[in-house]
Amino acid sequence: MSYSHIVIGAGHNGLTCAAYLAKSGAKVLVLEARSQPGGAAATEEIAPGYRVSSCAHLLYQLHPRIMLDLALDRHGLEFSAKNITTTVLAGDGAALTMLDGKATGNISEKDAQNWPIFWARMKKIARHLQPMLLMSPPRLAGRDLSQNLDLLKLGWSIRSLGREDMREFLRIAAMNVYDLAADYFDSPLIKVRISADAVLGTTLGPRSPGSVLSLLYKLTGALNGVQGAMALPKGGMGAVSGALLRAGAVRGVDLRLGQRVRRIIVADGKASGVETDTGEIIEAANVISNADIAKTMVSMVGAQHIDAGFQRDVSKIRSKGATAKLNLALSALPNFTGADAQALAGRLLLTESIEQIELAFNPAKYGQWSKHPLLEVVIPSVTDPALAPAGHHVLSAIVQYAPYQVESGWASQREPFQRDVMAHLEHFAPGIGASVVGTDLKTPADLEAQFGLPGGHWHHGELAIDQLLMLRPVAGAARYATPVENLFLCGAGCHPGGGVMGAAGYNAARAVLAKRQAA
Amino acid sequence: MNYSMKIKPDTVRVGLKPTPFIDRLRPLNKFESLAYWQGYWSPADFGNPEREYFAIRNTTSVFDLSPMTKYRIKGPQAEAFLQRLMTRNIAKLKPGRVAYTVWCNDEGKVIDDGTLFRLGPQEFRLCCQEHQLFWLLTSAAGFDVSIHDETDEVCGLSLQGPTSYSVLRALGLAAVETLKPFELRDFSFGPGSIMVSRTGFTGDLGYELWCAPGQALPLWDALQSAGRDFGGVEPIGSTALDMARIEAGFIGAHLDFMPADQAVRAGRAASPFELNLEWLVDFNKGHFTGRAALLAEQKAGSKRCLVAVDIEGNKPANHALIYHRKKTEVGHISSGIWSPTAKRNIGLAMLQMPYGKSITSDLWAEIYVMRELKWEKRMAKCTIVKAPFFEPARRRATPPGAY
Ligand SMILES: Cc1cc2nc3c(=O)[nH]c(=O)nc-3n(C[C@H](O)[C@H](O)[C@H](O)COP(=O)(O)OP(=O)(O)OC[C@H]3O[C@@H](n4cnc5c(N)ncnc54)[C@H](O)[C@@H]3O)c2cc1C
């Protein structure tokens, strides 16, 4: 079998890229190191009969264009819940539940009235940034026609925000979310909501500059036509990858699991294929990597084939994650203080204040995990009972902040970390520990080892102003093509970034195909 | 974490750094005429640069090379590392040989030039003008190679001039006559040995002698005695050396090119093509930093070119602007002198293309001369010629003539 394109990595972006390439007639082979496709968008069994999303657990960014083009619904993507509530729990019984512009619970009357206005405004700004998602970042010099059109579209879109909102966008774009929240609100739990969306998955605290951009980035997502909606894919996040896989397979994409690419074959500045861990050499006119750029260019291509300055830039990308994942198999539905049945079917944010989130960030800066991390919890088995044995449950929690590197190393620190996280969880859900029948905790080091995420980072590289757009992943590779001819990138480390969105994979496919047309 | 740093008073150096030869050179440097060279004590002249220059061309000159930045590069991947760093094909450089080479940044602009000594299959010494540790270490990531700054561990003397071979023979270096240009070899000297390479910056017959600092003064003294029968071994400073290097057509950092890593303004750094060094660029050897940019430049054409010019008259044209038809400014002279040996007014000039390549006539240097406190402007006609301006056969002859 001969292939025109090899995609290294079957993360959801690699699968998206492969499906689009195949859609325009390419013969695509996807090589995945793991025994399972999906990368960080996967579902796994953590105890016999208990299945839960390995990493990503909430879907809110999957691009509608991709859903439609690849007919993911026809390929089996279903939702067990389409637009879930977010409930902030302080632990002492105080709770605030939000669904879109509605906020009920512990919130002042003023803030409750202000919330829909604020949220609509943020959504509007984010909406006007949407065109950016499916365009290649502008070249720093010398643009082509299609790029000018893209820029025009984006420029038009931002202009059409109107004077007042545009001014607000310019004011808040580089701001921190702590100040933004304080600008609009007094009630502690609403501030938690706003800042949690900004910091989850990043190595930023609420007071880190640029955290507002991260919030807007998340809000660019619109699922099933509802902007800002969060959904639970039926069967866990692996269902998204599964649908992408089938969308590719029907167009002839071949997938080989358990095949780690060891080397990208480069001669005379051009890539011509790959070598797998077993020594097998597979040739193809184009190679597209779903792995991060450092791994792709330094480990797989090799220093001798790239410029030294480029290598330095690539190696300096800030990609040390601060996010861990805790998955639990439970014999009973936990009892979260202050949460009603509806809240348990949705998303829970566990912390009492925005200040506490910033405090939780502090130890992570100095090689320690927070004993009081921000937790984002879902219990998907509430709406998707098939994930666990009857009457039992699975709980999925994102633990924000645990640094990639801890003093004395994760190997020895994982147990005490797990104890701390469980104790913290117990504070919000008394008795939960007694119902645990299986635990799977992934530190950032584990996320790197198991999923290849550099530094365990959710976005393959910090989502910060200096690592966005034409600087993402680095200048000189921001338009999916790398300095090595015929070698492209398609992962979360590229524009626009991570999250289960597929935009990077889509844009990469477009860049690969544009090259073919230009040739 | 402890960020405090203690500086011991005796580790803080004040003033210029001495070289191992300073005790001999300082008494001769009557006017305390120094030139800046990476913070070392380095003479600009010893009172009479013309006389020093003529020693280069007529007898033997000696120049203290110790401030030269030197890096020892070794390890199993030393060659692979240098292949990626340098524009030249280092695989072709055999142990015992020296190569002149440049290295570029990603944009294909020259960071510095230097001489690379291959001491063994896995061992090299790089000699250059600018400090390069940052770039070398940056480039070393991913290679099994070690890089060590040995500037202060190795001192050097450049012995240049027609009688330099005779002096070395008198010094007792066995079979030194078989040393070919760009060859290096160890010779026993005193209780130890010195390394001699047939290299230099003058375009003349000459050698560079490298040794441990402990041997510096014995070597100096021995050279002075060895030279007695050959018109002496004249200490020279950088002014005389600079004249010789311009005659030889060699370029200098901060003179004829701006090191790319130090250039702040856009467009100031120069590529090897622009410096007329395409012979140093090997696109067939595999990848090297700047390769893609240089290929693109080759395809699109360079913006500038360095040419050798012969300037009418005898007024040195250093830094003069160059005009086409006396009207359009098209470049400048980056190095210019009256050449005492060629008896011509010479210069290296950086011209905006197409001047220098397809338009080569009607070029004029705007020279200002001060005459009794009054500036006078001369427009002197420039003719593009081939460098070097002076290239004696003795430079290459092996065995060299016993002048
Ligand atoms: C704990 C956690 C929670 C998250 N939660 C959410 C969430 O709730 N919602 C959301 O939208 N996003 C979430 N994210 C982010 C999201 O999961 C990622 O940004 C996204 O999945 C990245 O997709 P990708 O396809 O770009 O890369 P990846 O998923 O990282 O895929 C890359 C693939 O390449 C493979 N690979 C790497 N090197 C090689 C090689 N040499 N040979 C072969 N294969 C190779 C890897 O094994 C991997 O399968 C979360 C991330 C983490 C870590």
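This is a predicted model: local features need pLDDT of at least 70, side-chain atom pairs count only at pLDDT 80 or more; totals for chains, interfaces and linings use all residues.
Local features need pLDDT of at least 70, side-chain atom pairs count only at pLDDT 80 or more, and totals for chains, interfaces and linings use all residues. Residues are numbered from 1 along each chain as its sequence is written, chains are lettered from A in the order in which they are written, and side-chain values use heavy atoms, without hydrogens and water.

Start with the sheet. Five strands of chain A form an open sheet with parallel pairing, in the order β12-β2-β1-β16-β22. Strands here are DSSP runs of E, at least two residues long, and helices are runs of H or I, at least four residues long, numbered from the N terminus. Two strands pair if DSSP finds at least two bridges between them. The edges are β12 (254-256) and β22 (487-489) of chain A, each pairing on one side only. Neighbouring strands are turned by 20 degrees against each other on average, direction ignored. The axes behind such angles are lines fitted to C-alpha atoms, for helices over the stretch in contact; angles run from 0 to 180 degrees between N-to-C directions.

Look next at β16 (residues 286-289) of chain A. Three bridges join β16(A) to β22(A), and the two run parallel. Ser289(A) stands opposite Leu489(A) in β22(A). Helix α1 (residues 12-23) of chain A lies across β1 (5-8), β2 (28-31) and β16 of chain A. Its direction is about 170 degrees to β2(A).

Now the charges. Side chains of opposite charge can pair when their charged atoms come close. The whole structure holds 44 salt bridges over all chains (a side-chain nitrogen of Lys or Arg within 4 Å of a carboxyl oxygen of Asp or Glu). One of them joins Asp197(A) to Arg347(A), with the closest N and O atoms 3.0 Å apart. Asp197(A) lies in helix α7 (residues 188-199) and Arg347(A) in strand β18 (residues 347-350) of chain A, so the pair ties together parts that are 150 residues apart in sequence.

Finally, the interface. Twelve residues of chain A and 14 residues of chain B take part in the contact (heavy atoms within 4.5 Å). The buried area is about 1100 Å², with 48% from carbon and sulfur atoms; this is the accessible area (1.4 Å probe) lost on putting the two parts together, summed over both. Asp307(A), Ala308(A) and Arg312(A) supply 44% of what chain A buries against chain B, more than any other three residues. One salt bridge is counted between the chains. Asp268(A) forms a salt bridge with Arg291(B), at 2.5 Å between the closest N and O atoms.
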